[in-house]
Amino acid sequence: MNQTSQFIEKRRFIIRLGKALHKFGTPAYRLEVHLSNVASLLQLQGNFIISPTSLTFVISEGDEQQEYTHLARVTPGEIDLGSLARTDELVEELASGQRTLSEAIERLDDIANKPAPYGRELTFFAFGASSGAFAMLMNTSWHDVFWSTLLGLIVCLYVFWSEHSSRVTDMLEPVAAITSALLATAITLIDPSINVPLVILSSIIAFIPGLALTVGLAELAARNLISGTARIMDAVMSLFKLYFGALLGVTLGQLFWGQVEFVPPELIPQWTTWLAVTILSISLIILFKARIKDAPWGIISGYIAFGAALWGAHYLGPALGAFAGAFILGIYSNLFARLTKLPSSIVKLLGLVVLVPGSKVYMGLNTLVTGQTIIQTTDIGSQTFLIFMSLVAGLIFSNVALPSKKTL
């Protein structure tokens, strides 16, 4: 193979790799560094600009007059931890000489086209379980937990429908929120003990972009301004669509069924919080498509993040407690990366979801518009902002205290 053919094959691999990792939900600042490292491994020079909707590759062999530029318009990626781990292992195999470039390109295609590991049935139940677990985390009643789980299952049907219809995909969030709100207000006719706003929020919790907001802020902190700004604005628009759908659904529901006087229920025991963390962590393993062999590490990350946040909240307050949770989670995920030689993101994202306060942004929006609180809390706006800042700071500090040695 002559030098020109080698260069073509190398750049094909880098471009395919970048598109694959973007599709699997890799943050821009991590993806740019990773692609630069891979280019150096292949004895190329590369400059990369990554955003949620576009990819720019500038690759050369050292001669600036022989630069190759590739631009691609892409859709924002969805988290796929299993494919992320397999792709990282592929790069390690290429670096160690276990695979040739042509074999690596074929393997990338296999990974990208691999079907969902858990199937529709488990994904369906994971949606419902995550909704019920979130309601449980809010220390509400068993009534709310039951109905949140049921509505979460119904919302999942819309997700399955959207996979076959672009029209449903475009209006997925508001339609799911409208349906949940209509059904929640109807449920009050047979069960007046439910907290309607909390049940609606729990049923659509899979759409609440708390993780996207956190990643966007982390990208801004890493000075990746284009991607960070775009990701945050996309998350904010998703929140607006969800809240509008919920508000419209509640208004229509009260118009159709009328209002029922709330009957205060008995609250669930405090110990169920840890049960909720367990259920939520297992559900996230399925929804984020993590591999079964990585699942125990992911479940442990949920316990560590939540436990450290509780401990920090006891001494530092709820907002700075999130800093303790993110810091300990970052240390744990970086240790995981060192021990297993896998990306720290595999367990970090699973634990981070337990900490992110995206639901509090939704609650604050509800308080601002309607003047009603979903759950009793004070200064929700400033508290949410501080939690987001604490999460980003905790992750940055953990990377300084114990670097991962992995770019993903």
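Which residue in β2 does Ile49 stand opposite? Thr56 is the one facing Ile49. This is a predicted model, where local features need pLDDT of at least 70 and side-chain atom pairs count only at pLDDT 80 or more, while totals for chains, interfaces and linings use all residues. Numbering starts from 1 along each chain as its sequence is written, and side-chain values use heavy atoms, with hydrogens and water left out.

**The sheet**
- Three strands form an open sheet in the order β1-β2-β3, paired antiparallel; strands (E, at least two residues) and helices (H or I, at least four) are DSSP runs, numbered from the N terminus.
- At the edges sit β1 (45-51) and β3 (68-73), each pairing on one side only; two strands pair if DSSP finds at least two bridges between them.
- From one strand to the next, the twist averages 10°.
- β1 and β2 (residues 54-60) run antiparallel, joined by seven bridges.
- Helix α2 (residues 28-41) packs on the sheet and touches β1 and β2, contact being heavy atoms within 4.5 Å.
- The direction of α2 makes about 165° with that of β1 (axes are lines fitted to C-alpha atoms, for helices over the stretch in contact, and angles run from 0 to 180 degrees between N-to-C directions).

**The cores**
- The largest nonpolar core has 103 residues, with Phe13 and Ile14 making the most contacts inside it.
- Helix α6 (residues 142-162) gives the most to this core: eight residues.
- Apart from it lies another core, of six residues, including Tyr332 and Phe336.
- A nonpolar core is a set of buried Ala, Val, Leu, Ile, Met, Phe, Trp, Tyr and Cys residues joined through side-chain atoms within 4.5 Å; buried means under 20% relative accessible area (1.4 Å probe, protein chains only).

Conventions:
Buried < 20%, exposed > 50% of the residue type's maximum accessible area, 1.4 Å probe, protein only.
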